[in-house]
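Hi there,

Here is the structure I promised to pass on to you. Have a look at it first, and then read my notes below.

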Amino acid sequence: SLKVIMLHTALRAGFFLMNSTRQNIKTLIPDKLEERIVGMGLKKYRAAQVFEWIYGHHAASFDDMTNIANAERSLLAKRFYISALRVLRTEYSADGTRKFLFELEDRHTIESVLIPDENRSTLCISSQVGCAQACRFCLTGRGGFRRNLEAFEIADQVVAVGKVLAAEPEGTVAASGGESSRERFRHITNIVLMGMGEPLANLDNVLKALKIITADKGPGFSPRRVTLSTDGLVPEIEKLGRSGMKVNLAVSLNATTDEVRNRIMPVNKRYPIKELLAACRRFPLDDRRRITFEYVMLRDVNDSEADALRLAKLLRGIKCKVNLIPFNPFPGSEFKRPDDAMVQRFKKILAGHHYTALVRESRGGDISAACGQLRERLTADAASASDRLVP
């Protein structure tokens, strides 16, 4: 009802007014957090304890930090508050996939997806609110770009889902005895930056978030368990390679000619295929690592046998594997899913040229599977509700 909406708005306004005199402690990267802690007259090691409580034990308040003296907790609470992503909606698929819609402090929304498999559970997280890349087969791009996510907002997706998993009943990791909250993050085995947004267009914040996600006193993920996916921003690929952050790289290629890639991915007009693949050849890789090329297959656009042969030639000399992703149609899309037989022929041609090629079927088809779909639906629901309130 209108009264309920007005009450909710008033409560939110009161919350933000209350916090306006305090700083969100998550906005401080570890070095800055240490500076502030010492500047308050506290011991330097308190910064590491606070960081571990926030990101390792997902503490909701300073009162939770039981190994810090009461007086120090009170002092921290006067200067700071601890933000948290608000879960607006969770959807559950019959295949075990879960989709989370989170609200940020400025009321923008983002999505994260937890994808369980036989021996791992992958969390797909967002790096921007919306996306400016405007790929024609992507729903998120149709909604436009709002802003970059801050480093803590990227890392908080891992914290928020980890907190959900830690609170789950019997039959989950959270129910097994003797584990700390931090250890329960292990139920998420892999992280992929493949959600809303282009990670390399927000590289500074992404790198800061990766330092949090891979920190021993934080979620503690190995960089080998983290994959960053890009549409192909060549200068930023090179910056990532020089950063020393040894995460896995996935490149969304999706075409074998500049003509087709220009049409479906505007980024190709800035960084054409030849330039993109040259950057991939220069990207530093350990002996056991390979670049993953993602190839969304669109019927009668990029799924022919000639495309498969061209792809095999283009990737020659690059340590890589190929993920073939049959297009997952969404309402209003101009593209169609290719025939299964064509997908298998495409895969067979790549295998014949000694490439590892895997067919990645879409997960969560019954729960707004396309990235951005749940967010778009909530926006439509809100608009519909607003219309009903008009006399």
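What follows is a short tour of the salt bridges and then of the cavities.

Please keep in mind that this is a predicted model.

**Salt bridges**

Searching the whole structure turns up 17 salt bridges.

Start with Glu111 and Lys99, a salt bridge whose closest N and O atoms lie 3.2 Å apart. This pair links distant parts of the chain, twelve residues apart: Glu111 belongs to strand S5 (residues 109-116) and Lys99 to strand S4 (residues 98-103). Are the two partners buried or exposed? Glu111 counts as buried because its relative accessibility is 2%, under the 20% cut-off. Lys99 has a relative accessible area of 2% too, so Lys99 is also buried.

Next comes Glu153, which forms a salt bridge with Arg147; here the closest N and O atoms are 2.9 Å apart. Both Glu153 and Arg147 are buried.

The pair Asp286 and Arg289 has its closest N and O atoms 4.0 Å apart. Asp286 is partly exposed, because its relative accessible area of 29% falls between the cut-offs of 20% and 50%. Arg289, on the other hand, is buried at 4% relative accessibility.

**Cavities**

How many cavities of 30 Å³ or more are there? The count is three, and I looked at two of them.

The largest cavity holds about 60 Å³ of space. Among the residues that line it are Ser83, Leu85, Glu105, Phe152 and Asp156. Helix H6 (residues 151-166) contributes the most to the lining, with three residues. Sorted by class, the lining of the largest cavity has four nonpolar, one polar and four charged residues.

The second largest cavity has about 40 Å³ of space. Its lining includes Ile25, Lys26, Pro30, Phe51 and Tyr55. Helix H2 (30-39) and helix H3 (45-56) each supply at least two lining residues, and H3 has the largest share, with three. By class, this lining has eight nonpolar residues, no polar ones and one charged residue.

Happy browsing, and do write back with any questions.

Best wishes

How values were computed:
Residues numbered from 1 in each chain as written. Predicted model: local features only at pLDDT ≥ 70, side-chain atom pairs only at ≥ 80, totals over all residues. Heavy atoms only, no water. Salt bridge = Lys/Arg side-chain N within 4 Å of Asp/Glu carboxyl O. Helix = DSSP H or I, 4+ residues; strand = E, 2+ residues; numbered from the N terminus. Buried < 20%, exposed > 50% of the residue type's maximum accessible area, 1.4 Å probe, protein only. 1 Å grid on protein atoms, 1.4 Å probe; cavity = no way out; pocket = protein on both sides within 12 Å on 5 of 7 lines; lining within 4 Å. Points joined across faces, edges and corners; volume = space filled by probe spheres on them. Nonpolar A, V, L, I, M, F, W, Y, C, P; charged D, E, K, R; others polar.
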